[in-house]
Amino acid sequence: MPELPDVEGVARFLRRTAARRRITRVEVRDPSVVRSPSPRAFAQRVRGRSIQSIARRGKYLLFDLSGDLVMVGHLRMTGDFLVVPRDRPFRAHTRLVLGLGRDDLRFVDQRRFGHVDLIGAADLTTVSGLRALGVEPLSLEFTLDRLRALIAGRRGTLKAFLLRQDRIAGIGNIYADEILFRARLHPGRQLRTLRADEIRALYRSTRAVLRRAIAALSRRGRPVGDLTIMREPGGTCPRCGGPLRVATIAGRTTYFCPRCQH
Ligand SMILES: [Zn+2]
């Protein structure tokens, strides 16, 4: 499931391949991919617009179109955007095609949970998931003080906290585990028991893990992480070599090292 580093990778790819190009053709091949407005209205309003820039917010992709419109995309489980020559045969599960002259921007999604919305640039907050998004962990606004304030007085586990999109945007199951492994913090730790030095470790780890993942994805196109590659039955801790433990924490399959993470 794509998380912040993966979506950032897609955004960077689209900035190179689809930005500053005009949408000459719209083909909604699966009406369920367009959440709002209707597929017909979507096609009418998007055709002829230019893609001016592409931004990422949390796990959302924001296509700024001419005429103060924004196409908001969410990849969900298996969605992906491709840019290919327009005469290339459609891959299975191609849901939406935006023609860019000689190329196509295609949205492919095997599981069909991904979607797009078309909204006015002034109405971004009407998309419920976007409105509620918390701080971007790689932005200047995400400081150690900000993290302290987000944690102060809250209950619940560290793992659940990292997954909350309305606190810190863009972290999912895999990178939450990776961040906690690097910070040597147990995913089941209660927020109110964290010491100042542990919150500092969490802060540094969050930024380091996400930055490193983005850099690695842009080089090799594969997810990375010390713990991530050991996420399998019989996986061992990359630090101490002991067996990793798997548990359901915050409703998600969670990997951690009981020896290194406290
Ligand atoms: Zn260990």
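Predicted model: local features only at pLDDT ≥ 70, side-chain atom pairs only at ≥ 80, totals over all residues.
Visitor: Fine. Why is Cys260 called buried?

Guide: Cys260 has 9% relative accessibility, and the cut-off for buried is under 20%. So Cys260 counts as buried.

Visitor: Where do Cys240 and Cys260 sit, then?

Guide: First, the zinc ion: its donors are the SG atoms of Cys237, Cys240, Cys257 and Cys260, at 2.2 to 2.4 Å. Of these, Cys240 and Cys260 link distant parts of the chain, 20 residues apart. Cys240 is in the loop between α7 (196–220) and β11 (245–249), while Cys260 is in the segment after β12 (252–256).

Visitor: Why is the arrangement around the zinc ion called tetrahedral?

Guide: The 4 donor atoms subtend angles of 104 to 114 degrees. The rule for four donors asks that all angles lie between 85 and 135 degrees, so the zinc ion's arrangement is tetrahedral. For reference, the ideal angle for four tetrahedral donors is 109.5 degrees.

Visitor: With cysteines about, how many disulfides are there?

Guide: A search of the whole structure finds 0. To count, a pair of cysteine sulfur atoms would have to be within 2.5 Å.

Visitor: On to the inside. What makes a set of residues a nonpolar core?

Guide: Its members must be buried, come from a list of nonpolar residue types plus Tyr and Cys, and be joined through side-chain atoms within 4.5 Å. The largest core here has 30 residues, and those with the most contacts inside it are Leu14, Phe42, Leu61, Phe63 and Phe81. Helix α1 (residues 4–17) supplies the largest share of this core, with 4 residues. A second, separate core has 29 residues, among them Ile151, Ile168, Leu180 and Leu210.

Visitor: Which residues are in contact with Phe81?

Guide: Leaving aside neighbours within four places in sequence, Phe81's partners include Val10, Phe13, Leu14, Leu61, Phe63, Met71 and Phe107. Arg106 is also one of them.

Visitor: Why is helix α6 described as largely enclosed?

Guide: Because 9 of its 11 residues (173–183) are buried. The buried ones include Asn173, Asp177 and Glu178 as well as Ile179, Leu180 and Phe181. Just after α6, Arg184 takes a positive phi of about 60 degrees.

Visitor: What makes Glu8 and Arg15 a salt bridge?

Guide: Their side chains meet at 3.3 Å, N to O. The limit is 4 Å between a side-chain nitrogen of Lys or Arg and a carboxyl oxygen of Asp or Glu, so the pair qualifies. Glu8 is buried, at 9% relative accessible area, whereas Arg15 is partly exposed, at 30%.

Visitor: Which residues form salt bridges with Glu27?

Guide: Arg25 is one, the closest N and O atoms being 3.6 Å apart, and Arg29 is another, at 3.5 Å. The count for the structure comes to 22 salt bridges.

Visitor: Why does Arg20 count as exposed?

Guide: Arg20 has 65% relative accessibility, and exposed means over 50%, so Arg20 counts as exposed. Arg20 is found in the loop between α1 and β1 (21–22), with a positive phi near 60 degrees.

Visitor: And Arg112, why is that one partly exposed?

Guide: Its relative accessible area is 47%, and exposed would need over 50%, so Arg112 is partly exposed. Arg112 lies in the loop between β9 (103–109) and β10 (115–120), and its phi is near 70 degrees, a positive value in a residue other than glycine.

Visitor: Where is there a cis peptide bond?

Guide: From Ser36 to Pro37, with omega near -10 degrees. Pro37 lies in the loop between β3 (34–36) and α2 (39–46).

Technical notes:
Residues numbered from 1 in each chain as written. Heavy atoms only, no water. Donors = N, O, S within 2.8 Å, 3.2 Å for Na, K, Ca; no water. Tetrahedral: all angles 85-135°; square planar, octahedral: opposite > 155°, others 65-115°. Helix = DSSP H or I, 4+ residues; strand = E, 2+ residues; numbered from the N terminus. Buried < 20%, exposed > 50% of the residue type's maximum accessible area, 1.4 Å probe, protein only. Contact = heavy atoms within 4.5 Å.
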